[in-house]
Amino acid sequence: MKMPWPRKTSREVRTDHALSWRTVHHSTTGAAHLNNAIGCQDSSASRVLDDGRWAYAVVADGHGSERYFRSERGAAFAVQVVEEVITSFRDRLAELDGEPTIGALAELWQAESAGVVPRWRELVHADLVADPPLLPGPDGGEPGVIRFLDKFVADRRHTQNYQLYLQLHWFAEYARELRDLAPASLGPLPLPTDPTWNAAKLGSWQARAYGTTVLAVLIGPRSMHWIRLGDGAMVEIVGGKARHLVGPPAEAFANETPSLCEDDADLKIVIDSVPIEERDVPSAVILTTDGLPNSYEDGERFLGFCEDLADRARSGADLAEGLSRWLPELSRRGSGDDMTVALAWATELPSRQTGDPDPSAATEPGPERLAPTATADPLPAADQVDPAVEEHADPTPPEPSAARVVERPAPADRPGGPIHEVVVQDEGPEAGVNPHVDQPTEMPDREEFDHDADHGHAAQH
């Protein structure tokens, strides 16, 4: 486990008023996934506890490439595990005599959160044994497995394809032998390097099939606690301004990210706690999967979306209904990826903080959110393609479609400013959807069944 920096958490920190929290979360299928008949691979949860004195939010982003053919299950398992950790943490907290120090809370959170990776591997192992991947045959086969095999066949030699088919077949035999055991007795899915695991026969694709990130935050009366493994955004609103609670991991770049499916996930997961200072109380905490920030040209505009969202939450807007409309629109006009938001916000703060906005004025976003700011780069010309988009674009886009980058004002009822949008000129069924984002990633040349070949590498979305 990683600790990002030393914390002074041993002193007592008290706020002069018990905060009351509310939460909301929503996940939506991305436009590119809809075009390819793929379901949503994100998962999320949020909840208020102890009459609003505690709240949590969790998001998980299942990877999209063909090799991660059960990533939607992996994301759901990640959310389930974090909720179990939070329940166990609060149960143990209730057993303590007296009020614990911030340092004691941090140590307890570390101890409980250390079980995230092994518990996730337990759920993956049990799911694989109960429901081993179904190979194509007279009964059809599992759609995700079929896509995985089709991609593998297209990229590999015949002997490698045959070996993967054998590994899937042999794993089905392995699962049959264990099926009568209670799931709890199976234990975590063994690592490929475990001497009890026959990697040459069974392969190392099992955990990868469920690959996912996970971000979580638990907010209490005097402290915040979080878990981070992989990309996505963790934002807090303090004094009306959005800032990153914790930045993205250094290993996250392009379409790669640390993941629960990696053999060394227990070394990459970040677990931390911070006290809530009396004059630095967050009015909201927002978690998102990476499809949302990737829809904005720069980080400031994404943070503007978070500020608007928090303002609307505190104004009493129906965010559950709003997110169900806003996120599909953002995906269609932006990254094309699945999108998830989980938000916790305080209904009132212990004292008026400098710069804290008046929530009664937050029913609609201000004009600065509906158009580019004065400090933003000039809008590109109608025929100018942004270099950042062009770099990842298919060098030979389909004809006669022509793509150009434009910025359109945000719809009046959606938080945030304009997004960086690639518009397709024809009027076909995919018109208006960015054709260059969130497409299935090419699998690397390394052999999929060779666990040593990609040990330690970040997972690909």
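# Cut-offs and calls

User: Why does Cys 40 count as partly exposed rather than buried?

Analyst: Buried means under 20% relative accessible area, exposed over 50%, and partly exposed in between (1.4 Å probe, protein chains only). Cys 40 comes out at 23%, so it counts as partly exposed. Bear in mind that this is a predicted model: local features need pLDDT of at least 70, side-chain atom pairs count only at pLDDT 80 or more, and totals for chains, interfaces and linings use all residues. Residues are numbered from 1 along each chain as its sequence is written, and side-chain values use heavy atoms, with hydrogens and water left out.

User: And Cys 306, does that count as buried or exposed?

Analyst: Cys 306 has 0% relative accessibility, so buried. Asp 264 gets that label too, at 18%. You'll find Asp 264 in the loop between β8 (256-257) and α9 (265-268). Its C-alpha is 9.5 Å from that of Leu 191, though 73 residues separate the two along the chain. Across the 461 residues of the protein chain, 54% count as buried.

User: How many disulfides does the rule give?

Analyst: A disulfide is a pair of cysteine sulfur atoms within 2.5 Å. Go by that and you get 0 disulfides.

User: How do you know that the span of helix α4 agrees with what it should be?

Analyst: Helices (H or I, at least four residues) and strands (E, at least two) are DSSP runs, numbered from the N terminus. The expected span of a helix is 1.5 Å times one less than its number of residues. α4 (residues 116-130) has 15 residues, so it should span 21 Å, and its end C-alpha atoms are 21 Å apart, which agrees. Helix α2, with 25 residues, reaches 36 Å from first C-alpha to last, close to the expected 36 Å.

User: What is Trp 120 in contact with, leaving aside its neighbours within four places in sequence?

Analyst: Contact means heavy atoms within 4.5 Å. By that test the partners of Trp 120 include Gly 74, Phe 77, Ala 78, Val 81, Tyr 210 and Leu 260.

User: Which residues have the most contacts inside the largest nonpolar core?

Analyst: A nonpolar core is a set of buried Ala, Val, Leu, Ile, Met, Phe, Trp, Tyr and Cys residues joined through side-chain atoms within 4.5 Å. The largest one here has 59 residues, with Phe 89, Trp 109, Trp 120, Ile 227 and Leu 260 making the most contacts inside it. Helix α2 (residues 71-95) gives the largest share of this core, 10 residues. Another core, of 25 residues, lies apart from it and includes Ala 242, Phe 305, Cys 306 and Leu 343.

User: What do the buried residues of α2 pack against?

Analyst: They pack against β2, β3, α3 (102-113), α4, β4 (214-219) and β5 (223-229). Among those buried residues are Phe 77, Val 81, Ile 86 and Phe 89.

User: How do you know that β2 and β3 run antiparallel as a joined pair?

Analyst: Two strands pair if DSSP finds at least two bridges between them. Between β2 and β3 (residues 54-61) there are 8 bridges, and the strands run antiparallel. For instance, Val 48 has Ala 55 of β3 as its bridge partner. The two form a hairpin with 4 residues between them, and Asp 50 in the turn has a positive phi of about 55°.

User: Why do β1 and β7 stand at the edges of their sheet?

Analyst: The open sheet has 5 strands in the order β1-β11-β10-β6-β7, with antiparallel pairing. β1 (21-28) and β7 (241-244) each have a single partner strand, so one side of each is left without a neighbour in the sheet. β1 meets β11 over 8 bridges, while β6 (residues 233-238) meets β7 over 4. Helix α10 (residues 299-314) packs on the sheet, touching β6, β7, β10 (284-288) and β11 (339-346); its direction makes about 55° with that of β6. Those angles run from 0 to 180 degrees between N-to-C directions, with axes as lines fitted to C-alpha atoms, for helices over the stretch in contact.

User: Why is β11 called largely enclosed?

Analyst: 8 of the 8 residues of β11 are buried, so the rest of the structure largely encloses it. Met 339, Val 341, Leu 343 and Trp 345 point one way, and Thr 340, Ala 342, Ala 344 and Ala 346 the other.
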